[in-house]
Amino acid sequence: MHQEDIFKKLTAHCKEYGFIFQSSEIYDGLSAVYDYGQYGVELKNNIKKYWWDAMVLLNDDIVGLDSAIFMHPAVWKASGHVDAFNDPLIDNKDSRKRYRADTLIEDYMESLNQKVEKEVAKASRRFGEEFDQDMFRKTNKRVLDLNERMETVRKRFVTASENSDLKELRQIIIDCEIADPVSGSRNWTEVRQFNLMFDTKLGSVSEDASTIFLRPETAQGIFVNFLNVQKSGRMKLPFGIAQIGKAFRNEIVARQFIFRMREFEQMEMQYFIRPGEEMQWYAFWKEKRMKWHKALGFDENKYRFHDHDKLAHYANAATDIEFDFPFGFKEVEGIHSRTDYDLGQHQKFCGKKLQYFDNELNKSYVPYVVETSIGLDRMFLTVLAASWKEEKIKKENGQEDERTLLQLPPFLAPVKLAVFPLVKKDGLPEISQKIRNDLRFDFTCQYEEKDSIGRRYRRQDAIGTPYCITVDHQTREDEAVTIRYRDSMEQERVPIVKLREIISEKVNIKKILGSL
Ligand code: GAP
């Protein structure tokens, strides 16, 4: 199936099964804002817990925080967001569509890269086992030409971005003959800077009200609380502060469902360290965070690092963990070495010392910071994209059937266990409800009695429930039930008294946390 079709189906699945709805849908929706439905909120909470436990529960040197969304306006002046949190915007005069100039250029470079990979794949098919890929990449004229074009554009792009040279960004678009992806037109406006922060008024009397911003990242709440946490928790460097919370960005182009939203959630951790040790900690957190992603057990080839060509105004090294979404490899998480930029700036703007006294070195300094920053919604999309499947199956009567399932890791599944009476009579519903009521304190359980067992299985497969229990007439005699496994569809007879132990062991987050 075409990747675009998969993505459309995935999006439709999210709505049909109560994972994600367009915000204010009855009023035709609000662009790039989404609501999480009954199963979405459970999955989201489980992802949060996986992150929070991996950061705060497992590390003595990391503590949590929940800072306010509204902050003093000076925070954003100090952090550089008022002056530099901009995206270069360009409009197509014919289609009247608006784009990010940098994204148009990045997509162009990626299209050249795709051409290179196509050439390599073609040659590999042609030469079979004899194929020397390294040699081909080094000598094939077309590959060399494409790489040279890519490198020339990349150099111009990095220089233009670093110098905020908007004229040059436009010139690259013209020189590369980049067309509007929708209309094919090359009739472009000038490039303009567009600040991504939303502002609002604080105070009820309009004359006295001051303009404040909705935070575009949660990180600044951590920076301004650095001393509060360090002193009250008697923390010694290195130590980290972790936070999960909403962030807001007025994205120019907000497409691809929950990949790029205007209101979203971040899970960020700022790790405060000695100056000079940043590269060592940067490497440490890169590896640790990739391990966290891969521990979920999805295809390892779907993850890669992508080092930044263009560094944010606060970073001296930065990489993205990218996931292979149905629309290609894209960023899920950023790992940034932010130096002492943020604390240094806040120290300057607030006029108070934001320093740490290092007993071992017998001196005070502004700590350096390595941050890990992951979008919760993007992580949600990663998990859904990796676990969504359509399968052909055989029914018991031998006929072919299809099912759509979410092969979620059991500890992330919104519902862990569904309990079904085989029929709605003979005391089977009562036994089923008793089982559900006994187990609901241990994990999320559902009771379902409508429709055939097959249909009930399909509904649970579609929301990713890993285990279904059927209570039948024999249960009344042997106090045992049939457990059906989502992925293999195998069934097993187990005593009711053993259910808690069996399911708890399977859905426990401990095993995965222990592997990190
Ligand atoms: N504090 C650093 C920071 O905010 P970022 O790379 O701009 O860095 C971090 O954002 C993560 O937040 C991204 O990797 C992405 O997962 C998520 N994110 C950023 N903008 C987003 C948006 N508009 N919608 C959804 N997630 C977003």
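In the predicted model, a nitrogen atom of the ligand is placed 2.5 Å from an N or O atom in the side chain of E268. Of the 560 Å² that the ligand exposes when taken alone, 93% is buried by the protein.

The shell around the ligand draws two or more residues from each of the elements β10 (263-273), β13 (328-339) and β16 (368-375), and among the contributing elements β13 gives the most, with 6 residues. In total, 21 residues surround the ligand, and the closest of them are E217, M261, E268, E331 and V332. When the residues of this shell are divided by class, 10 are charged, 6 are nonpolar and 5 are polar.

The packing of two helices was also examined. Helix α2, which spans residues 38-57, packs against helix α13, which spans residues 376-387, at an angle of about 105° and with the two axes 10 Å apart. On the side of α2 the contact is made by G40, L43, K44, I47 and K48, and on the side of α13 by L376, D377, M379, F380, V383 and L384. By class, this contact between α2 and α13 comprises 7 nonpolar, 3 charged and 1 polar residues.

Two features of the backbone geometry remain to be described. Most peptide bonds are trans, and most residues other than glycine have a negative phi. Against this background, L237 and P238 are joined by a cis peptide bond, for which omega is about -5°, and P238 is located in the loop between α10 (226-232) and β9 (239-248). In D28, a residue other than glycine, phi takes a positive value near 75°; the place of D28 is in the loop that runs between β1 (20-22) and β2 (34-36).

Definitions and conventions. Residues numbered from 1 in each chain as written. Predicted model: local features only at pLDDT ≥ 70, side-chain atom pairs only at ≥ 80, totals over all residues. Heavy atoms only, no water. Near = heavy atom within 4 Å. Polar contact = N/O pair within 3.5 Å; in protein donor to acceptor, adjacent residues only side chain to side chain. Areas by Shrake-Rupley, 256 points an atom, 1.4 Å probe, with all protein chains shown as cover. Helix = DSSP H or I, 4+ residues; strand = E, 2+ residues; numbered from the N terminus. Nonpolar A, V, L, I, M, F, W, Y, C, P; charged D, E, K, R; others polar. Axes fitted to C-alpha atoms, helices over the stretch in contact; angles between N-to-C directions. Contact = heavy atoms within 4.5 Å.
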